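Subject: Structure handover

Hello,

Here is the structure we spoke about, with sequence and coordinates together. My notes on it follow below.

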Amino acid sequence: MIALSGISRTFQVGDQAVHALAGVDLTVPDGQYLSIMGPSGSGKSTLLNILGCLDRPTSGSYALDGREVARLDETELSAIRRHKIGFVFQFFHLVPRLTATENIELPMLFAGVEPEERKTRIGRALQSVGLAARAAHRPDQLSGGERQRVAIARAMVMEPRILLADEPTGNLDSHSGGEIVELIEELNRGGITLIVVTHDPSVGGRAARRVRLADGKVVSDEGNGGPGARGGGERSGPEGREDGGRDGAS
Amino acid sequence: MSAWDLFRYTLGALRGHRLRTWLSVTGVAIGVASVIMLTSLGEGARLYVTGEFSSLGSNLLIVIPGKTETVGATPLISTAPHDLTVDDAEALVRQVPEIRRTAPIAFGTASAQVGDRSREITVFGTTNDMMEIRGLAMGTGRFLPEGERDAPVCVLGAKVQRELFGNRNPLGQMVRLGDARFRVIGVTAPKGTSVGVDLDEVVNIPVDAALRLFNRTGLFRVIAEVGTHADIEGARKRAITVLAQRHGEEDVTILTQDAVLSTFRKILGILTAALAGIAAVSLSVAGVGIMNVMLVSVSERTREIGLLKALGGTNGQILRVFLVEAALISTGGGLLGLAVGVGAGQIAQQIFPDFPVQPPVWAVVAALGVSIAVGLLFGGIPARNAARLDPVEALMRKRA
């Protein structure tokens with residue numbers, strides 16, 4: 001469960017203050033499929049970074065599973081990114097010298113997952129994105145679509161509750177783009193909260209809930225409470241809190 | 001992040017830019033190797049000098065005619081008002097209980113002749129006790145006869161025997177030294193150089209015969225052997241008193257091995273430290289090299305660092321990734337340098353077998369320790385830069 005209220009983010013550019021976000025209120029129940037659209041400069045990437053705990057709002061409140069995260073320190077934010085959030089980027093962000101397997105292993109290294117467990121999870125993740133045969137390939141030996149599949153497998157390997165996708169099809173042809181969208185929608189049907197940032201209406205329009213941003217404000221919010229909003233709120237709520245407790249201790 | 005994962009990940013990163021890695025590893029290796037090699041030479045010089053002196057026997061007193069305050073160098077020209085005599089040497093054995101035996105030495109050069117072969121040769125005039133004191137072994141025959149100070153006999157060094165007699169048996173043959181003739185009664189076993197004198201190239205004759213040969217009344221010096229090393233200082237004091245009584249004044253200098261040795265040790269110790277200091281400069285240069293490589297590595301991998309943060313890597317974990325990377329470079333360089341330094345020492349040892357080339361333990365430990373410390377120190381700033389990167393900016397950075 002994501003609850004944003006009055007989120008603002010101001011950047012200082014020279015002696016000018018740029019308001020990338022100016023008072024965003026947004027509540028996303030668990031398991032929702034949400035797209036954030038808007039022209040460039042509308043603040044959608046900034047919003048995604050704040051949702052992903054990569055950036056902190058200048059003001060406002062961000063409660064993730066009931067816990068206020070806007071004021072957490074770096075280490076606590078890292079723990080949230082590690083356990084609760086998976087990222088998929090436009091430019092894939094695979095480490096070029098590492099194989100598909102090793103790229104998928106990365107988040108588990110930081111989380112200290114045991115090697116045996118890692119192997120099992122990598123196998124499962126590769127299977128679920130249909131790349132079991134490409135496990136030992138490096139990114140430069142993979143097609144764009146395959147790279148994004150590896151990135152998705154990496155995002156999912158820690159079994160996060162939220163998947164954040166920033167223009168996931170922006171660097172792909174329409175065919176592989178379509179496959180990627182289907183893949184992450186499949187994950188959403190499995191219960192994960194899916195938030196896609198895009199300026200491509202054919203991608204964003206597929207989401208059950210469609211939020212439009214302009215000038216750092218929400219200008220429209222369609223489909224909230226619709227069929228895509230069905231969710232595993234009951235299932236993931238307590239689990240999420242349990243995760244949070246572990247993070248705090250580690 | 002477990003230590004093994006950390007190691008594997010950073011090793012992968014180092015492999016990613018092989019040439020750069022090897023260059024900085026080489027930088028550290030040169031620094032460490034030069035520390036090892038230079039200190040090996042210094043330590044070798046110390047061991048060499050120490051070895052030379054102890055081959056003389058470590059519980060010896062050397063009595064030199066003439067009063068001097070010098071400890072390091074022995075005065076070669078005697079200006080003593082009284083000669084040092086064989087009687088003095090015998091008195092020392094009688095009157096100083098710590099002294100077990102003494103050997104007088106008269107020293108000079110003479111031309112030695114056998115048949116038509118002749119050469120200039122170093123002649124030691126001494127007594128039978130010399131053999132025990134200097135630890136001489138006989139190759140054949142026997143040493144100078146006991147109690148006879150003027151018999152016309154001689155004992156040849158191994159090399160002298162070869163040069164004057166070739167393969168012939170020298171025993172019983174006559175050798176002409178200056179105007180006198182001496183019968184060969186023995187040949188010493190090869191012993192080599194001791195404190196600048198090649199013992200294989202001398203001829204030993206009875207002391208009184210030598211004094212007459214060189215037309216002298218006083219000895220070159222007297223060597224006294226003390227029972228145990230602990231008694232050296234007491235024996236020295238008592239010997240000075242005994243000789244002062246006999247001569248009516250204190251006109252001899254008595255050196256102990258320790259005094260000479262400790263002076264040499266001090267000088268060579270300072271030399272070694274100075275060499276190590278010079279070599280340490282190259283280690284710190286290597287440190288700057290590591291820093292440079294790490295700064296490049298961090299700026300080149302900004303996007304990767306952003307990604308690692310997005311994947312949940314903490315600042316501490318990212319700091320460690322880059323610190324370990326720097327430490328691997330410096331440790332690798334340290335080990336390589338150690339191998340090269342020791343290897344070069346071994347080769348030098350093959351070329352100069354007499355000179356002990358051996359890196360001192362402290363230098364090995366310090367060179368490795370310092371190289372690792374240099375890596376952590378100079379890798380620290382780039383690693384901290386990496387850990388402090390803002391993940392959003394880092395992820396958006398264009399490909400380098």
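Of the 400 residues of chain B, 42% count as buried. Please keep in mind that this is a predicted model. Chain B holds 12 helices and 12 strands. Among the contacts in chain B with a separation of 6 or more, 82% are between residues 24 or more positions apart.

Strand 8 of chain A (residues 193-197) is mostly covered, with 5 of its 5 residues buried. T193(A), I195(A) and V197(A) point one way from this strand, L194(A) and V196(A) point the other way, and all are buried.

Which strands pair with strand 8 of chain A? One is strand 3 of chain A (residues 33-37), which runs parallel to strand 8 and is joined to it by 4 bridges. Within that pairing, Y33(A) has L194(A) as its bridge partner. Another is strand 7 of chain A (residues 162-166), paired with strand 8 in the parallel sense over 5 bridges. Here I162(A) stands opposite T193(A). To get from strand 7 to strand 8, the chain passes through helix 6 of chain A (residues 174-189), and this β-α-β crossover is right-handed. L163(A) stands opposite L194(A), the residue that is also the bridge partner of Y33(A).

Strand 7 of chain A is itself largely enclosed by the rest of the structure, because 5 of its 5 residues are buried. From strand 7, I162(A), L164(A) and D166(A) point one way and L163(A) and A165(A) the other way, and all are buried. Note that the list includes an aspartate, D166(A). Strand 7 also pairs with strand 6 of chain A (residues 85-88), in the parallel sense and over 4 bridges. In that pairing F87(A) stands opposite L164(A).

The antiparallel sheet of chain A

Chain A also has an open sheet of 4 strands in the order 2-1-4-5, with antiparallel pairing. Strand 2 (16-28) and strand 5 (67-68) are the edge strands, each pairing on one side only. Strand 1 of chain A (residues 2-13) pairs with strand 2 in the antiparallel sense over 10 bridges. Within this pair, R9(A) in strand 1 has L21(A) in strand 2 as its bridge partner.

Helix 4 of chain A

Helix 4 of chain A (residues 115-128) has 14 residues, and at 1.5 Å a residue it should span 20 Å; its end C-alpha atoms are 20 Å apart, which agrees. Its buried residues are R121(A), I122(A), A125(A) and L126(A). Just after the helix, G130(A) takes a positive phi of about 70°.

Where chain A meets chain B, 20 residues of chain A are in contact with 19 residues of chain B. Helix 2 (74-84) and helix 3 of chain A each supply at least two residues of the side of chain A that touches chain B. Helix 2 gives the most to that side, with 6 residues. By type, the residues of this side of chain A divide into 10 nonpolar, 5 polar and 5 charged.

Helix 2 of chain A is also mostly covered, with 8 of its 11 residues buried. The buried residues are L77(A), S78(A), A79(A), I80(A), R81(A), R82(A), H83(A) and K84(A).

Regards

Conventions: Residues numbered from 1 in each chain as written. Chains lettered and ligands numbered in written order. Predicted model: local features only at pLDDT ≥ 70, side-chain atom pairs only at ≥ 80, totals over all residues. Buried ≥ 20, exposed ≤ 12 C-beta atoms within 10 Å, placed from the backbone. Pairing = 2+ DSSP bridges. Right-handed = clockwise from strand over helix to strand, strands pointing away. Expected span 1.5 Å × (residues − 1). Contact = placed C-beta atoms within 7 Å. Nonpolar A, V, L, I, M, F, W, Y, C, P; charged D, E, K, R; others polar.
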